[in-house]
Amino acid sequence: MELIIAKHYYWIVIILVLIGLYAMMTSTNLVKKVIGLNIFQTAVFLLLIVISTKEGGTLPILIPYEYLHLFPDPVPYVNPLPHVMILTAIVVGVSITAVALALVIRINIAYGTIDEDEIARIEQDS
Amino acid sequence: MISVPVSLVVVVPMCASLLIAVLGLTKYRCHWHISIVATFVSFIASLALLYNTLQIGRISYWLGGWEPPWGIEYVIDYYSGFVLVAITLVSLLTTVYAATYVKREVGESRDLSFAILNMLMVTGLHGIIVTGDLFNLYIFLEITSIAAYSLIGAGKKKGALVASFNYLILGTIGAIFVLIGVAYLYMITGTLNMADLRAILPVHYDSKVVFAAFAFITVGLAIKFALFPLHTWLLSAHSLAPAVVCSVLAASILKVTAYALIRVMFTVFEAGFTLEVIPATEILLVMSIIAIIVGGILTAAQTNLKRMLACSSLGQMGYIVLGVAIADQMAMTGSILHLLNHSLMKGGLFLIAGAIIHKVRIYDIADMKGVGRKMPLTMAAFTIIGLSMVGVPLTVGFVSKWHIAVGALKAGMWYIIPVIVASSLLTAFYFGRVIRNAYFASEGSDQGSSSKAHDHAHNQHGDRNSESRSEAPPGMVIPILIFAGLCIILGTAAFIPVSIAEKAAIMLLEGT
Amino acid sequence: MEAVHSIVPIYAIAVPLVASILIGLSGKKPNLREFWSITAAVLQFSLVASMLPSILEGNTIEFFLLTLFPGIDISFRVDAFGFFFAFMSSFLWIITSFYSIGYMRTLNEHSQTRYYICFAISLFATVGVAFSANMFTTFLFYEVITLCTYPLVAHKETTTAMKGALKYVVYLLGASLAFMLPAIFLTYLTAGTLNFDTQGILAGEGTDVLLIIIFVLFIAGIAKAAMMPFHSWLPAAMVAPTPVSALLHAVAVVKTGVFVVAKVILHIFGVDLLFQLGIGTVFIYVASFTLIAASIMALRQDNLKARLAYSTVSQLSYVILGIALLTQSGITGGVLHIVLHGFGKITLFFAAGAIYVATRKTEISQLNGIGRQMPFTMAAFTLGALSMIGIPPLGGFLSKWYIVFGSLEAGQLPIIIVIVASTILNSCYFLPIVYAAFFKESAKSPVISDALTDKDSSHVTYRTSLKEAPVFMVVPLALTGIGTLVLFFVPSVFLDLAKMTALTAIGGS
């Protein structure tokens, strides 16, 4: 129990990953699959954000020398690198979503449906 | 020693894609010229880089001048230099082919966007090989994949759209698995640079997080290169896409993901960890053997030419993993060689399938009768590459099989031999069937007599192989012939690739 | 014995390859095309023959071509045995070329260019095998032979031809990939080299079990030698045109098979090692079984070519038997039998082809009285048949004599019984044909006239007077028939070479 509470942020990530995977696997609607994919991606982004935080951490901004006297103690700051990485990963995620949705639109034009089972049926008939 | 910045192979295609897009707004169309020049520059640069590496060893390039491990580092060593040459070559040849092919088969309207996406894909492919940074690897992997998803859907067949969508879903899951693995490694070490990770990680080798990271990255990449149980997306994606895209998918994308896996297993982690601390190689060994056998049987059951070619990639990727899993220096050499050799073979084969479809609209193997007479050059190339796939001496296929087989025997794994033999026989069966169909015009006895009467008439002016030749345009035939020619040249003068691959294998296994 | 470096072997090997290109280019001019075939055959034979003096002095001629990668070379070494084989093949190629021209033109066959190209390539590969200096080079050319004879066997492109050719390629390619290649892997790993050595390269390496496995793999892999149970491709390949059958049986394919088996026995394992392992004896009995069983099967064939095919299966076992005796005379006899069987069998096949071209008859039961129509052909056939049986003064007697002698040396008395039995069986399946051809009245049965009417009857008119095949065919078959006779009286060159082979192999012991 303590483990669950102490590491609650990890549990949230795990739950989100599972929700995403579940949506991708079970739904036959292609748009829902894309949504599942997004949840899955976001969960992993959160994981990277979570590992970069520190308790009481501040912005990782370099303080100019003349203001340094305002901060007598050295301040812990949040590691910026994961944030940068996630920024990039979000861009990747958005691009993938865009491509996926574009494909769904073309599938809809070609088959007249976005349901996986229906498409399989049409493919079999032809 | 020619000084070439490593970034050239990535930056040139990337800029080319932008340039094509900008110029596309004007009426002046020269997108394929730009593409060919860009890939050609990459190829020459990669040759120069390989040459330099062989002279002075590892080349490191700091992107933007930032010192690693903070900045992104591009690395050329024996391993990446070798694979880079293979992939840039495939990029060049497929781009040349595409310049003729796309207009005719995909459509005039998609010509421009095809060129742009193709350049982006090439950027990603080259990037995966040269990067020395794990997160950067993920990014390049995704750049390649996004371009590939779109290109698969570019064909005229509507089935390609669904195939592309399925590939997208599974490919993204694979990529995110890689990302999770990268995140774990970062959690433990606080760095993303491969060399840096290698130095820091040994302290943490007993940590469960490192195990998890290794597992996630391996599985993620294995999905992307369709190791046996994770191969479901491959068949339709690799067979329904336009032929030139199939060629890149099989020859380059599968290869660079396998490349990345070997990179992670032996450069990010030490060989000692991969081989001894965790049972990764045992699992991979079993999976690759299953992939080779089941892949072979599945392939033998295919009736559609492109689907057969797609299917045979399963077994061939199995070979690459097999050599790695045996973990003998010689077998490892075989694996690295097979990265190059299978690129040449499968790249060429898909281009040939494209040429056949373009010229005579034949999709099924059973319909191929007489193609050998109509397209003698193309089918000669097919025969050469087919023999190479079987592993006949003097072709590249033999070189890699020899190394993997002898490596297996050296490691005491005699049971690998029947596997290789069985798969060679299966390969001989399914390629033999195509070649036989293509060269012998008639099969039924009644057809035989009628065609004989026909021949008698023709014998007056000589033989009938002169009748109605119609090859694909030179822009398509030349890349095919180069692929087939290289299969023989590099299979005969095999000491050139073998000596480099050997150095790469020693470097990976011994870390020097 | 010294090694001479010379490029002549390469020339001898390359001539047919160059010729095949020229043949391909001149496909539209049949006369020019045939000119290239003949020129190449003559040139190749002269190049091979030019090495004779040096070989007879006991030298070997070596040439190193290239290294594929460390451990795998393509290199050539001409020793007495290899020379012996190349000498015979290239000589018979000249005769077969003339015969092919007669056969193909008379029947007005299709795809003649393909036919001549493949023919030339198969000679390229056969001489390549003969001159190989290591197992890898041998394997390479061995596979080339399989692949380039496939179109020849399938030449007619009818359903049966395709089926027969399929069986042919599946047996040969399948066995070599499944057994021979692993055997090569194991040899390389055990001995660290693949280069042939007169004393064998495996002696003192590896465990006995491993060596026996390698041996069995090799023997199973070399399906071209048509040892039972890997023999059934040979009768199936009978669908090929007759000159191709001659090529398969006398010049290139099966001879390559026994040649490679002999190479494995003598130059990979070595006589001493096989003695020590004791598998020679087992092998002798396998060969004996093939010898007898194939003869019995031959008795039951009515199709002339099929009977000849089973006869080949049986005769090849003589070669293997002789070599597997591992004694001086045995090896001499086995090696000698390669050439004697070559001359005999090629005569028989040429005769069968001539009969087919002249009368379209393929079954033995149709041959009554054919000797009166085609006296030259059937006279040559008789010579060939008598040589097969081993009656003096014909060549076949010599090799049998040596093999009998060899089995006495080896103390294998049962083998003599086997040889006697097979001689009786040989007589049983050859003599009736000769008898029927010359002494039985030709029955004007409706079967024959039926067979004639639906074929191209323009140049087959039915009469019992002299009606030989074209001169292009009769002359070659008469030559080879006389050859079997000449070889008995003047065997010196071949006998010397065979003795040298045996001596170098036994040498150490």
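**Architecture of chain C and the setting of Met265(B)**

Chain C comprises 22 helices and three strands, these being DSSP runs numbered from the N terminus (helices H or I, at least four residues; strands E, at least two). The model is predicted, with local features requiring pLDDT of at least 70 and side-chain atom pairs pLDDT 80 or more, whereas totals for chains, interfaces and linings use all residues. Residues are numbered from 1 along each chain as its sequence is written, chains are lettered from A in the order in which they are written, and side-chain values use heavy atoms, without hydrogens and water.

Along the principal axes, the C-alpha atoms of chain C fill a box of roughly 70 × 55 × 40 Å. Of the 509 residues in chain C, 66% are buried, that is, under 20% relative accessible area (1.4 Å probe, protein chains only). Among contacts in chain C with a separation of 6 or more, 80% link residues 24 or more positions apart, a contact being heavy atoms within 4.5 Å.

In chain B, Met265(B) lies in helix 10 (residues 243-268) and counts as buried because its relative accessibility is 1%. Beyond its neighbours within four places in sequence, Met265(B) contacts Phe214(B), Glu270(B), Thr274(B), Leu284(B) and Val324(B). The C-alpha atom of Met265(B) is separated by 9.0 Å from that of Leu275(B), ten residues apart along the chain.

Conventions: Buried < 20%, exposed > 50% of the residue type's maximum accessible area, 1.4 Å probe, protein only.
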